[in-house]
Amino acid sequence: MNIPPGQLDSALDTHDLSVFYGDTHAVKRISLSIPRNRVVAFIGPSGCGKSTLLRCFNRMNDLIPAARVEGEVNFRGTNLYAPDVDPVEVRRRIGMVFQKPNPFPKSIYENIAFGLRINGFRGNLDEQVERSLRAAAIWDEVKDRLEDRALELSGGQQQRLCIARALAVEPEILLMDEPASALDPIATSRIEDLIEDLKSDYTIVIVTHNMQQAARVSDYTAFLYIGELIEYGDTERLFTNPAKERTEQYITGRFG
Amino acid sequence: MREAGPARDARFEPRLARRRRNGRMFQAVCLASIAVSLVTLATLLADIAIDGAAWLSGEFLTSFPSRISSRAGIRPAILGTIWIMVLVALISFPFGVGAAIYLEEYAPRGRLTKLIQTNIANLAGVPSIVYGILGLAIFVRYFGFGRSLLAGAATLALLVLPVVIIAAQEAIRAVPSSLREAAYGVGATRWQVVRSHVLPVAMPGILTGMILSLSRAIGETAPLIMVGALAFVAFTPTSPMDLFTVLPIQIFNWTARPQADFHGLAAAAIAVLLVLLLLMNMTAILLRNRYQSKRGQ
Amino acid sequence: MRDQVAPQAGSDSGGPGADLRWRAGRRVGEGVIAGLLFLCGLVSVLTTVGIVVVLVTESSGFFREVPLVDFLTGTRWSPLYTNQRFGILPLLNGTLLIAVGAMLIALPIGLTSAIYLSEYASPRVRGIVKPLLEILAGIPTVVYGYFALLFITPLLRVAFPSAGVYNAASAAIVVGIMIIPMVASLSEDALSAVPRSLREAAYGLGATKFEVSTRVAVPAALSGIVASFILAISRAVGETMAVTLAAGATPHMTLSFLDSVQTMTAYIVQVSLGETPHGSIEYKTIFAVGLVLFCMTLAMNLVSNRITTRFREVYE
């Protein structure tokens, strides 16, 4: 079920995408299109497959031996699951921010520089580090202590550092798996503001279990239920006038 | 950070092919390391088998050591080893299990307990020859046991005690607290709970730990040399106060001799020792597997 | 009075007034048992006390006759000869030479084995390799001594004809082999303690498995790995039978692995095998050397434990 993609440039789209964990059919034949430079939110009750779906976009499910993917994920004209596609290459272009902040036990500077080094960044390292930290709205807080250990930062700061780390390698798409669920409300709202700023340069897909957050930050929302895509459309319309009954039940809290 | 596509990509030179190749080389190096260990193990076992095969026989097992290689055997050594194992087990089991019960069920959570715990962990890392020195001074001389089986067994018991305690503690800790609570709930005293409920459930784990620590003790040589085990024994021990020898010391003695015949004898004795070790470890593993499958029910 | 139905003191029927106090015998019995168990716990403390007391008192007797400075700085060790010298440096030299040699083998092989088992191996491979490494660790050291003297040394002398029948290299090789499982197992534990989320973060940035293992997992596990190295060195220092059989009984200062040396542990064995009269200065050297050995290994074990505790705190 696609949004009217003809009207918008598609950054990534899936076609009949399924994920199996052993015999469990976790994601069931989902087809959708992620429009460029917009924020798309995946919502749904826990266990509905939204994180699993997200992880298909940067081939992170490869790391789970029991997981099997069928169908296509198309990015820049290539199916990411074609046999000759290198997942390492994919992951530089499609970045990810995780639920619990996970900075490396290194200095703030080195956290950003790591991705640049392994990907053979050819520009000025210091400049790129600064640019990334500015883009993640954390530069002012850390500019005088780049050599300090990243783990000394607060939770919210660590998460913004992780966002900076992901942005440093200049991905086109940024995947965010419940990025604020481990943070306090103030840190959460800073992340949400950040997402609003970032979408002019990046395409963002965010998984969230917080419906209000989805309503606040996203342009389009996809509602998943037990592995199926129930509804996908304009955020405001979906939340005020959902087309499907199941969607309405979820957003009115009938089940959670 | 605004341009998409090719301009963005030009700033990165991922060199994937080279990175992948490095990865494969590294993986090969790691595999080679593992291979080195395994090949060495195989070589060692093969060497023992080849050197010792000719000397293994029934007479070998039942004869006394002799200056004449064709007549030499390991009878006192095997018997001494068995005596020592039994004595070590008898000494270390009560003390080891008692200490474990104390630490897990009785000891208050305080600094003294933590000190005892740390002390046990440190004792596990003391070189075995230092235990030999201790045994020499305390058991051979101070207590006056002389160069006897008892002195040797007491020394080895102290050596394996930390291992026994730690294994027993783990087994006791694995007993679910719901079991204890149920027993306390019907009015049992602490000792009753331990004796009738905790120990029976923990016993297979405790026994596994005992067997593993005995298999460590069976190969120990240095402490027994210090305590005075002999290398040329023309009799078999009949009481704990007797002089004695054990397999590792016999092996040591024969290996150190210049004549090749005795090397063959040493290899044969090693083969016997390794078989004993294998039997003990297999028993421990079988015990542990049965215990784990029972707990799964 | 007839209608007074006061319950008997000490009756054990339930209901109001039932006696809930300790039964006399039971309290004593429980106390005795608790006391006995405490004594069992005390045995380990007594062991440590015993080691320290024995080593220190007998060594003090030694140091009354031999100045501490001579002992710690002298470069000749010949207590069993007529021209007695008591400088421990040659024994330290032998011990450290073999420990260093053993580490040159055990550290790289142990660490790369650990990385493979932790980051690359399938559960099936792990299930086969780990028990085999355990076997390597369980072989008695006297067997390794046999292997060193009668297999490795002849091979070594083919490659290096100047090597003696007794040499430090064979002993070092064999001690290194016997320590590999320890390094591998403890390093693997340290690597397993590194949370999956760190590896995921690195993969998410486009890192290969090699990069994740060596540039994220190993640095994150580093203090745990270092603690395992120190523990392994301590084990090498305390090793006795392999070095006694293969390294020799000639204490002298040398950096060559092809020379014969004597370690502290081998010296103690040598004295014990001889008929040294109790109370003589030669007898007391056992305790002086033993004290040095004990202090060295204790220091290393304590440092290693400290590092491990701090490492665990970070990841828990």
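Predicted model: local features only at pLDDT ≥ 70, side-chain atom pairs only at ≥ 80, totals over all residues.
## A first residue to look at

A:Thr24 counts as exposed because it has 11 C-beta neighbours inside 10 Å; a residue is called exposed with 12 or fewer other C-beta atoms within 10 Å of its own, buried with 20 or more, and partly exposed in between, the C-beta atoms being placed from the backbone. You will find A:Thr24 in strand E2 (residues 24–35) of chain A. Helices (H or I, at least four residues) and strands (E, at least two) are DSSP runs, numbered from the N terminus.

Residues are numbered from 1 along each chain as its sequence is written, and chains are lettered from A and ligands numbered from 1 in the order in which they are written.

## The sheet of chain A

Chain A holds an open sheet of six strands in the order E6-E7-E8-E3-E9-E10, with mixed pairing. Two strands pair if DSSP finds at least two bridges between them. At the edges are strand E6 (94–97) and strand E10 (228–234) of chain A, each of which pairs on one side only. From one strand to the next, the twist averages 20 degrees.

E6(A) pairs with strand E7 (residues 173–177) of chain A in the parallel sense, over four bridges. Within this pair, A:Gly95 stands opposite A:Leu174 in E7(A). Helix H6 (residues 155–168) of chain A lies across E6 and E7 of chain A and runs at about 170 degrees to E6(A); axes are lines fitted to C-alpha atoms, for helices over the stretch in contact, and angles run from 0 to 180 degrees between N-to-C directions.

## A mostly covered helix

Helix H3 (residues 108–118) of chain A has eight of its eleven residues buried. Among them are A:Ile108, A:Phe114 and A:Leu116. What covers these buried residues of H3(A)? The cover includes helix H4 (125–135), helix H5 (139–142) and H6 of chain A, together with H8 of chain C. After H3(A) comes A:Gly120, with a positive phi near 65 degrees.

## Where chain C meets chain A

Here, 13 residues of chain C are in contact with 20 residues of chain A; two residues are in contact if their C-beta atoms, placed from the backbone, lie within 7 Å. On the chain C side, helix H7 (196–204) and helix H8 (209–220) are the elements that give two or more residues. H7(C) gives the most, with six residues.

By class, this side of chain C has seven nonpolar, four polar and two charged residues. Ala, Val, Leu, Ile, Met, Phe, Trp, Tyr, Cys and Pro count as nonpolar, Asp, Glu, Lys and Arg as charged, and the others, Gly among them, as polar.

## Where chain B meets chain C

Between these two chains, 65 residues of chain B are in contact with 63 residues of chain C. Helix H2 (residues 16–52) of chain B supplies the largest share of the chain B side, 18 residues. That side of chain B divides into 44 nonpolar, 17 polar and four charged residues.

## Chain C as a whole

Chain C has twelve helices and zero strands. Its C-alpha atoms fill a box of roughly 110 × 70 × 35 Å along the principal axes. The radius of gyration of chain C is 28 Å, whereas a compact globule of 316 residues would have one near 20 Å; the radius is taken over C-alpha atoms, and the globule rule is 2.2 Å times the number of residues to the power 0.38. Of the 316 residues of chain C, 50% count as buried.

## Domains in chains B and C

Chain C is assigned domain 1 (24–65) and domain 2 (89–314), with bounds that come from an automatic or database domain assignment. The C-alpha centres of these two domains of chain C lie 32 Å apart, and eight residues of domain 1 of chain C are in contact with eight residues of domain 2 of chain C.

Chain B is divided into domain 1 (16–54) and domain 2 (60–295). Their C-alpha centres are separated by 33 Å, and the contact takes five residues from domain 1 of chain B and six residues from domain 2 of chain B.
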